[in-house]
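Me: I would like to learn how to read a ligand site and the packing of helices in a model like this one. Could you take me through it step by step?

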Amino acid sequence: MTDKTEWQGQVGTSWARQWQRTDRSFTPLTERLVARILECGDVRRIADIGCGAGELSIKIADARRDANVLGLDISADLVSAASERASGSPNLKFAVADASVWQDPSFIPDLYVSRHGVMFFDDPVAAFANLATSAAENAQMVLSCFRAPSENAWATKIASLVPSAPSGDPHAPGPFAFADPERVKGILSEAGWTDVGFEAVDFDYVAGSGEDPVADALDFFGHIGPAARAIRMLEGDARIAFLDRLRELAHEHLHDGAVRFAAAAWIVTARKN
Ligand SMILES: C[S@@+](CC[C@H](N)C(=O)[O-])C[C@H]1O[C@@H](n2cnc3c(N)ncnc32)[C@H](O)[C@@H]1O
């Protein structure tokens, strides 16, 4: 589980420091997501939900100079990283905001986009209903989220190294909260969205590359995701043993000069009812 208070605190700070590596881990997905977004036609106001350090917002603003893009995120550190990266883009702004209650009468989106930024709402129906209310008529939505943990080796393999990892509620806010398409369809329909569609995207999640890909992956895992959480919780010998197992796992996944894991996402599309 990762809730909004964690994003506002230490988890957001880590992502803000590691954005080059998180962007790298999503590279093939981002290409497909951007292509799908650019098929949305004549949209002029685009809001990026949970924009993080801003890669998706920046790519869309560059590709659509005729549109205004607003990146929204609940983490002040991530918005600050995004604003710094994007300075100079005339059609792009970022704001610290909780998307589940955000409304701005001076910016009525006709398209919402998101790369993995919508799975952390405490009450997803209320959040998506708010987004519908805040959007133009016939507004569209193109979002990505992870599919099931069993299809995401980067998560299951790390989880298998953690002593007594809690199984938890699969629908709790977190990376896999939107894995079940029936659930997502139900949430969006109840919240005022229709024509809900799902495209499966399989991609290589690159955790380490460069001169020493294994060391790079270990450093990345030490800051982001389930391994970072385990490292924070473990102490002494248990911590050392976990780091050894993590190093072995990274070695096992070293192929073609990079540490790679199978990853699986949905691109979810919908239209305001
Ligand atoms: C997995 S990260 C993805 C970040 C970014 N979209 C990317 O692809 O690098 C999830 C993001 O959602 C943001 N987030 C979580 N809850 C939010 C909320 N209620 N409103 C706005 N942003 C939120 C987090 O701060 C974080 O930046």
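**Helix packing and the ligand site**

Reply: Helix α7 passes helix α9 in a right-handed crossing, and please keep in mind that this is a predicted model.

Me: At roughly what angle do the axes of α7 and α9 cross?

Reply: The axes of α7, which spans residues 124–133, and α9, which spans residues 181–190, cross at roughly 50° and come within 8 Å. An angle counts as roughly parallel when it is under 35 degrees and as roughly perpendicular from 65 to 115, and α7 and α9 are therefore oblique to each other.

Me: How do α10 and α12 pack, and at what angle?

Reply: Helix α10 (residues 213–223) packs with helix α12 (residues 236–252) at an angle of about 130°, their axes being 9 Å apart. Since angles count as roughly antiparallel only when over 145, α10 and α12 are therefore oblique to each other, and α10 passes α12 in a right-handed crossing.

Me: Turning to the ligand, which residues come nearest?

Reply: The ligand has 18 residues around it, of which Gly-50, Asp-73, Asp-98, Ala-99 and Arg-115 come nearest. By class, the shell divides into 10 nonpolar, 5 polar and 3 charged residues.

Me: Which polar backbone atoms lie within reach of the ligand's nitrogen atoms?

Reply: A polar contact is a pair of N or O atoms within 3.5 Å. A polar backbone atom of Gly-50 is 2.7 Å from a ligand nitrogen, one of Ala-99 is 2.9 Å from a ligand nitrogen, and a backbone N or O atom of Ile-74 lies 3.3 Å from a ligand nitrogen. Of the 590 Å² of accessible area that the ligand has on its own, the protein covers 96%.

How values were computed: Residues numbered from 1 in each chain as written. Predicted model: local features only at pLDDT ≥ 70, side-chain atom pairs only at ≥ 80, totals over all residues. Heavy atoms only, no water. Near = heavy atom within 4 Å. Polar contact = N/O pair within 3.5 Å; in protein donor to acceptor, adjacent residues only side chain to side chain. Areas by Shrake-Rupley, 256 points an atom, 1.4 Å probe, with all protein chains shown as cover. Nonpolar A, V, L, I, M, F, W, Y, C, P; charged D, E, K, R; others polar. Axes fitted to C-alpha atoms, helices over the stretch in contact; angles between N-to-C directions. Helix = DSSP H or I, 4+ residues; strand = E, 2+ residues; numbered from the N terminus. Left-handed = near helix turned anticlockwise from the far one by under 90°.
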